[in-house]
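Thanks for coming. I will go through one structure today, starting with a sheet and ending with how the chains relate.

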2 protein chains.
Amino acid sequence: MTQTLAINNSQRLQLAPLKVPDRLLLGPGPSNAHPAILQAMDTAPVGHLDPVFLGLMDEIQSLLRYVWQTNNPLTIAVSGTGSAAMEATIANSVEPGDVVLVGVMGYFGNRLVDMAGRYGADVRTITKPWGQVFTLEELRIALETNRPAILALVHAETSTGARQPLEGVGELCREFGCLLLIDTVTSLGGVPIFLDEWGVDLAYSCSQKGLGCPPGASPFTISSRAMEKLQRRTAKVANWYLDMTLLGKYWGPERVYHHTAPINLYYALREALRLIAEEGLDHCWQRHQKNAEYLWERLEDIGLTLHVERAFRLPTLTTVRIPDGVDGKAIARTLLTDYNIEIGGGLGELAGKVWRIGLMGYNSRPENVDRLVETLKAVLA
Amino acid sequence: MTQTLAINNSQRLQLAPLKVPDRLLLGPGPSNAHPAILQAMDTAPVGHLDPVFLGLMDEIQSLLRYVWQTNNPLTIAVSGTGSAAMEATIANSVEPGDVVLVGVMGYFGNRLVDMAGRYGADVRTITKPWGQVFTLEELRIALETNRPAILALVHAETSTGARQPLEGVGELCREFGCLLLIDTVTSLGGVPIFLDEWGVDLAYSCSQKGLGCPPGASPFTISSRAMEKLQRRTAKVANWYLDMTLLGKYWGPERVYHHTAPINLYYALREALRLIAEEGLDHCWQRHQKNAEYLWERLEDIGLTLHVERAFRLPTLTTVRIPDGVDGKAIARTLLTDYNIEIGGGLGELAGKVWRIGLMGYNSRPENVDRLVETLKAVLA
């Protein structure tokens, strides 16, 4: 004990125990978690090398493979939120000088551009107006022109509500000898995904949207083709925390200590995945679709216009045009403070132009649609 | 809805709801969380831009300044575990070619070496046998020889149980014009720390040790001197998720969206910090010291030898030499599986030579010492 100095109490707040309002989270995420999942968070942690915990990690891996429809051995949860899993795909696949072609049709495409640049990629982009998606032909031309090592696409653009079809893209990438990296942050658990059938090599997601879990542990997967590129690297991965050559030894049979996992979040994620397996993935996807269609219908009934063409709309996230003359921010603030309902505003190109309404995981239920639309109608009146 | 493929159910585990044993965690961390903190985890999340959440972030910042005894404006929790906060200090302070001098007296010094190398540092090391610490004179000579941009030291070496005294080191660093970066993973909340008085420029910690919170949100702080170096950078920080030029805009008055924070972990961290402020930092440090001394006395009473010289022992983590002829791993396994008590084994140079016993946060209580020592005595008999 070497305390020789006096303690400064200027920052010693005296606070009451935590009390937060009970919000209905219908924005772009987080969404409300199933009560059973929240309850799992209130379980005493075990150690990160406890055999019980290692067993739970195996369960998470299997169930993540199920929800993603992949057999990739290294399918894990990264100890951070979705952006950390995004960075994990970039950090482990990009070597300095690699050409990375990013399809930018919203905010998160731009984030991929930013990240890939930080890892030394020669970044090329193709763009679409926010709310639209790329055709297979457009992708073919861009691959032909740029000959990238990696094509990065956003399956579910959280900023626009658009779903990028991926059928046939994997074949194109094989034809041009590049890896396919996709963002499934707003699709996993809520939108049909067939990673292996689609030939996806790297994918990431989050826990707090379609999986209906609190944020903080984020799905990551890598195919054997992408693993080969990783193993051929001459320099270490330029990110220690997200280095899959190290993380693979913790999640794999070696069980080599890497970092202390966020134990309770893994409890929650395991419960979230267990509930989806219980419900069945097909049922879960159909539920999201059905409730989204109900939302679209009800929004149009009160005179609102949806931003994305129906064929490419995400069932998890709907962008609604803010009517002329309406202060979108003020409406969202009223919904939050007077009615405890959160919806999102627009980002980037769509700032001030749309609201973003999420129906994800546990929140994808008709009663939430009713509560939102009735409140919105009253507030807009 | 474009589901045209059949769902593969091979990884669809059918699991029972989560059930984990009730362990007493007396290893190097995680430690058991206070019940009030666990309960906070079971609170419905609000959004990461909700005014209520932004207010909670401010509370966390103030209370982190209190427990660290600093006035650094950018004092936040990183959305990952302690190693992410460690990487945040390196990623934001190191520019390619910078000489970084690391004091290695255990496993976590080596981790700093690994990380700094990944960010392009010209890494130099000074070393000590595991369990010992550096003198001020040794540090002066090393600074004179290497003239680093950054000196990185581990205040509390989790792998050895040794406490590196830091009085006078900040003055030395100023004399030689370098920044001082320190690891307080196993000291924050349990061992006296006076960051500002000691002239520390960058520090990181974790939530699951002295703060007695589950792992996943990790303290980070940066001084104005280090901020100036960060602002002078010509290239972007080579890590998007941990880039303080972006995170500072989310935690600061601008409130610019960066990533979705792990909301419930911040609830828990806020509660953990609130409880320390309620107890008082001096009382909290004294409690850790008193219970550690009681542990040391009782361990010596049953004939065991402590690895670190008394003056440099951490009150949070004690390394105990495994007696000759005893299978340390088997004993730890028996404690875990038959008695639900977790203790740690040795890492690196100390693998097979010591056990590591933590008394941190909520777990630093005499009844835990009694339960452990009596059980250990019985198992060793």
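**The sheet in chain B, and the two copies**

This is a predicted model, and I begin with its chain B, where 7 strands form an open sheet with mixed pairing. Reading across, the order is β2-β10-β9-β8-β5-β3-β4. Which strands stand at the edges? They are β2, residues 75-78, and β4, residues 122-127, of chain B. Each has a single partner strand, so one side of each is left without a neighbour in the sheet. From one strand to the next, the twist averages 20°.

Now one pair within that sheet. Strand β5 of chain B, residues 150-154, and strand β8 of chain B, residues 179-183, run parallel and are joined by 5 bridges. In this pair, B:L153 of chain B stands opposite B:I182 in β8.

Next, the helices. Helix α3 of chain B, residues 82-93, lies across β2, β5, β8, β9 and β10 of chain B. Its direction is at about 20° to β10, which spans residues 218-222. Helix α4 of chain B, residues 107-118, lies across β3, β4, β5 and β8 of chain B. Here the angle is about 165°, taken against β3, residues 99-104.

Last, the two chains. How is chain A superposed on chain B? A rotation of 180° does this, with 0.0 Å of shift along its axis and an RMSD of 0.0 Å. The two copies are therefore related as by a two-fold rotation axis. As for the interface, 100% of the interface residues of chain A are also interface residues in chain B, so the copies meet through the same surface.

Key
Residues numbered from 1 in each chain as written. Chains lettered and ligands numbered in written order. Predicted model: local features only at pLDDT ≥ 70, side-chain atom pairs only at ≥ 80, totals over all residues. Least-squares fit on C-alpha atoms with pLDDT ≥ 70 in both. Contact = placed C-beta atoms within 7 Å. Pairing = 2+ DSSP bridges. Helix = DSSP H or I, 4+ residues; strand = E, 2+ residues; numbered from the N terminus. Axes fitted to C-alpha atoms, helices over the stretch in contact; angles between N-to-C directions.
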